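Here's a quick tour of a protein model for anyone just starting out with structures. Take a look at the picture first, then walk through the points below.

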Number of protein chains: 8
Amino acid sequence: MPSSDLSRILIKVKKGEMEIDEALDYLKDWPYEDRGFAKIDHHRSVRNGLHEVIFGQGKTPEQVAQIASSIWNKGGNVLVTRAGIEHFHEVRNTIPSSIYHQEAGLITSIQKTAQRIGKAAVITAGTSDLYAAEEAAVTLEFVGVEVQRFYDVGVAGLHRLLDKIKAIRKNQVIVVAAGMDGALPSVVAGMVDKPVIAVPTSVGYGANFAGLSALLAMLNSCAQGVGVVNIDNGFGAAALALAIVKSGRENR
Amino acid sequence: MPSSDLSRILIKVKKGEMEIDEALDYLKDWPYEDRGFAKIDHHRSVRNGLHEVIFGQGKTPEQVAQIASSIWNKGGNVLVTRAGIEHFHEVRNTIPSSIYHQEAGLITSIQKTAQRIGKAAVITAGTSDLYAAEEAAVTLEFVGVEVQRFYDVGVAGLHRLLDKIKAIRKNQVIVVAAGMDGALPSVVAGMVDKPVIAVPTSVGYGANFAGLSALLAMLNSCAQGVGVVNIDNGFGAAALALAIVKSGRENR
Amino acid sequence: MPSSDLSRILIKVKKGEMEIDEALDYLKDWPYEDRGFAKIDHHRSVRNGLHEVIFGQGKTPEQVAQIASSIWNKGGNVLVTRAGIEHFHEVRNTIPSSIYHQEAGLITSIQKTAQRIGKAAVITAGTSDLYAAEEAAVTLEFVGVEVQRFYDVGVAGLHRLLDKIKAIRKNQVIVVAAGMDGALPSVVAGMVDKPVIAVPTSVGYGANFAGLSALLAMLNSCAQGVGVVNIDNGFGAAALALAIVKSGRENR
Amino acid sequence: MPSSDLSRILIKVKKGEMEIDEALDYLKDWPYEDRGFAKIDHHRSVRNGLHEVIFGQGKTPEQVAQIASSIWNKGGNVLVTRAGIEHFHEVRNTIPSSIYHQEAGLITSIQKTAQRIGKAAVITAGTSDLYAAEEAAVTLEFVGVEVQRFYDVGVAGLHRLLDKIKAIRKNQVIVVAAGMDGALPSVVAGMVDKPVIAVPTSVGYGANFAGLSALLAMLNSCAQGVGVVNIDNGFGAAALALAIVKSGRENR
Amino acid sequence: MPSSDLSRILIKVKKGEMEIDEALDYLKDWPYEDRGFAKIDHHRSVRNGLHEVIFGQGKTPEQVAQIASSIWNKGGNVLVTRAGIEHFHEVRNTIPSSIYHQEAGLITSIQKTAQRIGKAAVITAGTSDLYAAEEAAVTLEFVGVEVQRFYDVGVAGLHRLLDKIKAIRKNQVIVVAAGMDGALPSVVAGMVDKPVIAVPTSVGYGANFAGLSALLAMLNSCAQGVGVVNIDNGFGAAALALAIVKSGRENR
Amino acid sequence: MPSSDLSRILIKVKKGEMEIDEALDYLKDWPYEDRGFAKIDHHRSVRNGLHEVIFGQGKTPEQVAQIASSIWNKGGNVLVTRAGIEHFHEVRNTIPSSIYHQEAGLITSIQKTAQRIGKAAVITAGTSDLYAAEEAAVTLEFVGVEVQRFYDVGVAGLHRLLDKIKAIRKNQVIVVAAGMDGALPSVVAGMVDKPVIAVPTSVGYGANFAGLSALLAMLNSCAQGVGVVNIDNGFGAAALALAIVKSGRENR
Amino acid sequence: MPSSDLSRILIKVKKGEMEIDEALDYLKDWPYEDRGFAKIDHHRSVRNGLHEVIFGQGKTPEQVAQIASSIWNKGGNVLVTRAGIEHFHEVRNTIPSSIYHQEAGLITSIQKTAQRIGKAAVITAGTSDLYAAEEAAVTLEFVGVEVQRFYDVGVAGLHRLLDKIKAIRKNQVIVVAAGMDGALPSVVAGMVDKPVIAVPTSVGYGANFAGLSALLAMLNSCAQGVGVVNIDNGFGAAALALAIVKSGRENR
Amino acid sequence: MPSSDLSRILIKVKKGEMEIDEALDYLKDWPYEDRGFAKIDHHRSVRNGLHEVIFGQGKTPEQVAQIASSIWNKGGNVLVTRAGIEHFHEVRNTIPSSIYHQEAGLITSIQKTAQRIGKAAVITAGTSDLYAAEEAAVTLEFVGVEVQRFYDVGVAGLHRLLDKIKAIRKNQVIVVAAGMDGALPSVVAGMVDKPVIAVPTSVGYGANFAGLSALLAMLNSCAQGVGVVNIDNGFGAAALALAIVKSGRENR
């Protein structure tokens, strides 16, 4: 509630246009709905289009379908992350137009097309990193970010990357998923001047320690402009990419 | 070298206006200077204003001063990171207008004011995280990003943060430095919809394991829109923030 | 055996009222039954009502049911922790009034209502932390501590917590279960002055390393008054909360 | 600000006894000072007597002395933690009655005696754990908790502990500091039914990995009623013990 | 081959009593069978009765049964470690008198009773540590060491141990298996003056990190006379105990 | 106090030869000195000659000298571990016959020669492991164990070890100190059938992580009969070796 | 494209033998196919015969079979790594002459025999390390390196190795696979002067932490001439061995 | 001793040409000097020219100088690794022609020029990795391997590497030192088909954990033909490179 609103209420009370009890009613919920903390309520997920997201892992198909229906019936689009085929079957029963993105482990149900708000590149070192990259890519498309995919361009065959670097540079933000030595984000960040979001994947074995090798490599990137998210966290990368794209739009 | 340039050379050869040896000379360095890979050469640090940066740690004061002079004499501004007072004394001998930012461990020498290109919030959980935050803040100011500082607003006294959240939200990107439990980026990211760059600091003792506790907490942030840089890497956070701000400008 | 008892025996020996052999018999078992170390025997679990607890994990349903019956037949209430549905089925065969708390993985069989001895708040950051929180909550109720549950009030949407903080403060001890960034105990402890027992959960993936991220964050809490128990150890949190509540009662 | 206060202001406005501007002034700082979040402001450290604490580590003697004077001049007692002898010399210049607790690394300056509010046992496994135990003990005495010290009663010579266990049990809360194998809290908690706060110390070498061995042992204690704080965090143990003692008092 | 044997062969060759080819045959396998390195061949496992041991894990039942038969048919006793019930069924087909020690995961087939060579105590902290303790105990009995078992005498109820300590002391070597806080070996070693072999078990969850907590605690034991083996390595403890018992016998 | 002593006191009381107060005085300290727990008191370190040991690290030279004098004046021999040259100078002031073993970091002061009770081999992989080996060797000699040293016989030049293996085998127990790859105990244990005590040293750099590489290798030894002590813990190895030697003597 | 080729094109253009458009077509893909970066394209895997390798793990049998057919139909030999029996069945449908190497988890399909280019020894410590060794051995044979296998020659029975060392020395490169204490590469490298490639295996349990113990031991090898590959990475060892053999050939 | 030698001795004994005592003398030292194990004696360091190497770390200048003199006086060249300037001063006193390689921490004293036996490339990612690279390079030159240095060609500015790749490929073996993200070996190995020896350096801070980040990245290299040595182990890399070069020479 802006100061002017508060002032208006006080004026009304003074003028007798508003009863004290009525004013009290307005003011008692005030911190959470109207002023300062109201902003807390309308927090980031509400504003960035990711508030409809359902984290599927650990939820039964029925639970997921129920939440999905609830969102859908209020007119919202639905995104389920870490979803299995069993979640999809249940959701499709209620929302027949739903799509299952198997590689990404995502379910999307769309009734109003998202406004196009920017573009991002999503890159992988190998084909086995696709699952994390697709989680990022489909999520970004869900919220209106156009995605260019550059897959399997890892540093062991550098010419594949060099070939694409011009196209990659044309995006506002670059998501790079890599496992094993986690070297790709460093190389990419050395050749573009856009923010690079590094997603370590758990791809590999032995001393990769379930993604630790790639994670540490990315945190220690010798190139500038790299931010790292959790291992396998393609969704988190998309959320950060979205925040970056939106921040750019607002500051025009 | 654009395709048209290549074409022009070939035409000249055909017409006899250029000797084959001369053409060979042009073409042999081509990939690195003129086309495709030329972009590699004019890579990110050149384009984002961070190319003058000198990493002071492990260098002698004389070495630092020498590189600084070289940059200065070509008309560039100078930024030395991880600099001690002894580096500063040596640099000041050559560039008297240099300033030492003790808290940040940075030396700046400025002869042309950076163009203002955006604004960022820099936040710390405690006063002991200042060193990393100042490294980020002074670096950002050096490249033209306006910085608002919000220090000592950690979660153990949450009202200090709530008081400032409105002002924080007005920035394009938020840098949050925190040690110990590393909780602040999660709380901030839950209340703003701008990209949050989390800088774990090595502040603490015992089971903080030199910053590991904050690092892991930040990578596992339950809020959306958080990218993490290396422990104590305030400069890295600034470089990422700069890339974000620039990406937003280019896409107007 | 208090000094007076020892003195009395010696006097009897002196007076010839007790034979030396009889005195020797008394004294030889003395350390374990009569004095000092007798207290060892009547150790904490006997005194705090948690001595009937059966740790179900790794035991067969038959073993669990057998121990449960034995306790039940002596008039005791039964609590089985880390119990599966198969344990429950077997226990119910013998003690039909038994209840299975699926979320908590607990079986309770109650024949005498526990005396109400205090009240505790049990809080979770997310719905996925419920299993650990319920293990704590049901255990506390089993021993007579009234429990108020505040679930899904994590720091990514802080207003949810702020809304409840007044009610939380009215309890004698606060149990907070959180996974991922483990930030909630720090925030809660910053707003209440009651002892906070932090339960790191293994909820998450990647760099949470099966609960390590939350564990380290909680050990490094920047707020005061936080004690940490093992990852996923809701029962341990309840046992500590019970000790705290009882300590308060005894010192009235 | 209780609802009645808000109501009173509105009545005054209505009656014309208070100008709108004056009411606005009252209300604009309201969330932080008067109502709901006021509780945040008067948060735990204010209420539990630990708000005067200065964390000495990383601060210059001058900084510490300045803050100490400021507290002292407002009539408060002063506690400086992680303080060196150089901090003490500077503080004593301003507050001559200050005392340096070398073992604990604490400075105390007392002008009003703390009210006695309870009693705690502080135990160590060896003499080398004294530093952490004294940090806890002196802090507790500073805030009015009576402390009984039981030092060097580790499990390698168990009779030393058995001799004292009766006296230990008479306290409301038990702080146990131990390094190396961290076994003592398990043994103590098996013999008392009071809350045990385990402080792992970094005492030892090799595979104790700077306190990790004791920390993990304590988190995995096979006895009930143990809460763990950070390695070497005697102050944190005292803060938790204080919260426990106060919680017991309030619920009389 | 002692020097005298070598000499004898040379004399025979000299005297013509042995052909050079025959002498060559003797000598060509010499280093491994007769001298110096012969000791390598008749190495420890041969001498201590553990050479018939079959490591079952990762072998098919058929493979295990085949090796077992081979040993049995040469008159040897058979011990299979890390054996499942399926291994037992196959072995019993060939050697009907075989016994399956389920708790220990061991199969034994005995045709000649081992000579009694000493006695050892095997102790566990809890009932869940039985598997490792039984692996040690049954192995020791297999090679002729008399075993006294003291199970479930962990430090959370210390009187159970105190009650048995006199009997424990009467053994030549003490094997102590414990998980979680791994405190028991420290306590035992503080009360006996025999060698204590500590076996960390992987029993527990969360921050026990699959036995790491107990392992580190045992390596850092504050009591004297403790040697540690690998996590869950009851067999290794038995092998060390056997070496200790044998060493004592040889030095009479 | 043996049962007969107790009986004798009771008889004296009965006969009036001892006053009850006098008897009470005897008996009040009884549990720790005379019976049951008396065994605790006369615990292992008392019985094995290691009770005079002073852990020098973290103690001032004055403290060490004071304790040393106290032991010396009661007729005991003195052993100070982890002692620096400054400790030695102070001790020598009081006990001029003291010797400083620089490599081992030990001070010994001997007034009564220890009875010879057995023999042990002490082996090192390299010359840089000497400090840990000497700590073990000098300690063993201090308590009467004859020591044969075999230094610098690591696996990178295996013939050096093979040359000595016959002599090594003649000892009752083998202490092997090795850093880096920690391979030597495995090789030695494969060639002798005596108990092998492995001492990982912190010698090395990089991925030896202060002794972790050798520690893990030793715990995973593929040879039988190996017990491991803490990194650099030569004293602990000696204490275990002593217990083994003594156990062998008692069972003659 | 060698400089001479470039020169030839220019000459043709000059002479009018080639149209400018035609020359542009040649030159536009030039960096990737003909010069500088052409080398990138014809990178190592192409040149060393390992370019046909298919990483089977995570691919469906159909995907594997499809890629295999594609390679086969172009006349290439096929190698599938980390292949299960289900992959083999599918591949054999298309390429009936395929062979499944179960121990190695490899499928090979050969239509042109590889030229013999050198020889390598492949050694294991135990029989349980075979899987990694066979992955290396079969891969080496696939590319034409003759392999001598020396299996189960670990350090716990050193004579087995000593017996073979002469034969081992005759190879150009030595691959050593070992788990647990990882001691074998150190011992082997101490006795041969050929490059030793150490493959840590995940064989073992407890404190081997899935291969970490062997990995650290190998990285800290006290012998000279050891290079380490990832845990269980027999294929990687083969690739390095191949590079070494080829490097030797080229430099004749 | 080949079988023919043994046969010859036996024949001599038979013929009376050799006394039995003389034969015994020959044969008793046989395993170590004459046959099989003689090879152990003339082990790798003797054969590859690295046997004169003195590991300086932890040795006093006097010790180093003494060993150096001893080698020098026998006509050998001297190499001291991990040497400080104080070691150099002492060595130069005895061997005035000695040279101190400060960056490498090496001392060399050369009286006979090493035969040129091959060539190696030594590469670094940054200038701060020079110390490890120079340790490798100077060591290689010491033993006769020609070295080409390519420094500061890290992946953050890839064109620097691309520019040199042709020259790099002309070497027989490639040593690559890199810290931080450890990405360079992967990129290099993707572009050359020579063996690549990766040296992780401890350069960096925070989550590089003293070289762990680079180490893990290199072990997980997605390119083929990479062997890894210990962190900062330039000397080890040189020893492996030397073994590779020598292996190639022998197989001509």
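In chain A, buried residues make up 63% of the 252 residues, where buried means under 20% relative accessible area, exposed means over 50% and partly exposed is in between, using a 1.4 Å probe and protein chains only. Before going on, note that this is a predicted model, in which local features need pLDDT of at least 70, side-chain atom pairs count only at pLDDT 80 or more, and totals for chains, interfaces and linings use all residues. As for bookkeeping, residues are numbered from 1 along each chain as its sequence is written, chains are lettered from A and ligands numbered from 1 in the order in which they are written, and side-chain values use heavy atoms, with hydrogens and water left out.

**Chain A as a whole**

- Chain A has 13 helices and 9 strands; these are DSSP runs numbered from the N terminus, with helices being H or I of at least four residues and strands being E of at least two.
- Its accessible surface comes to about 9000 Å², and 49% of that belongs to carbon and sulfur atoms; such areas come from the Shrake-Rupley method with a 1.4 Å probe, and for residues only the protein chains shown count as cover.
- Take the contacts in chain A between residues at least 6 apart in sequence: 66% of them join residues at least 24 apart. Contact here means heavy atoms within 4.5 Å.

- Across the boundary, 18 residues of domain 1 of chain A are in contact with 15 residues of domain 2 of chain A.

**A sheet in chain H**

- Chain H has an open sheet of 4 strands in the order β1-β2-β4-β3, with mixed pairing; two strands pair if DSSP finds at least two bridges between them.
- Its edge strands are β1 (53-55) and β3 (99-101) of chain H, each pairing on one side only.
- From one strand to the next, the twist averages 20 degrees; angles run from 0 to 180 degrees between N-to-C directions, and axes are lines fitted to C-alpha atoms, for helices over the stretch in contact.
- β1(H) and β2(H) (residues 78-81) run parallel and are joined by 3 bridges, and I54(H) has V80(H) as its bridge partner.

**A strand and a helix in chain E**

- Strand β2(E) (residues 78-81) is covered on both faces, with V78(E) and V80(E) buried on one side and L79(E) and T81(E) buried on the other.
- In a regular strand the side chains alternate between the two faces of the sheet.

**Inside chain B**

- L106(B) sits in strand β4(B) (residues 106-109) and is buried, at a relative accessible area of 0%.
- Beyond its neighbours within four places in sequence, L106(B) is in contact with several residues, including L79(B), I99(B), Y100(B) and V138(B).
- Strand β5(B) (residues 118-124) is largely enclosed by the rest of the structure, because 6 of its 7 residues are buried.
- β5(B) pairs with β6(B) (residues 145-150) in the parallel sense over 6 bridges.
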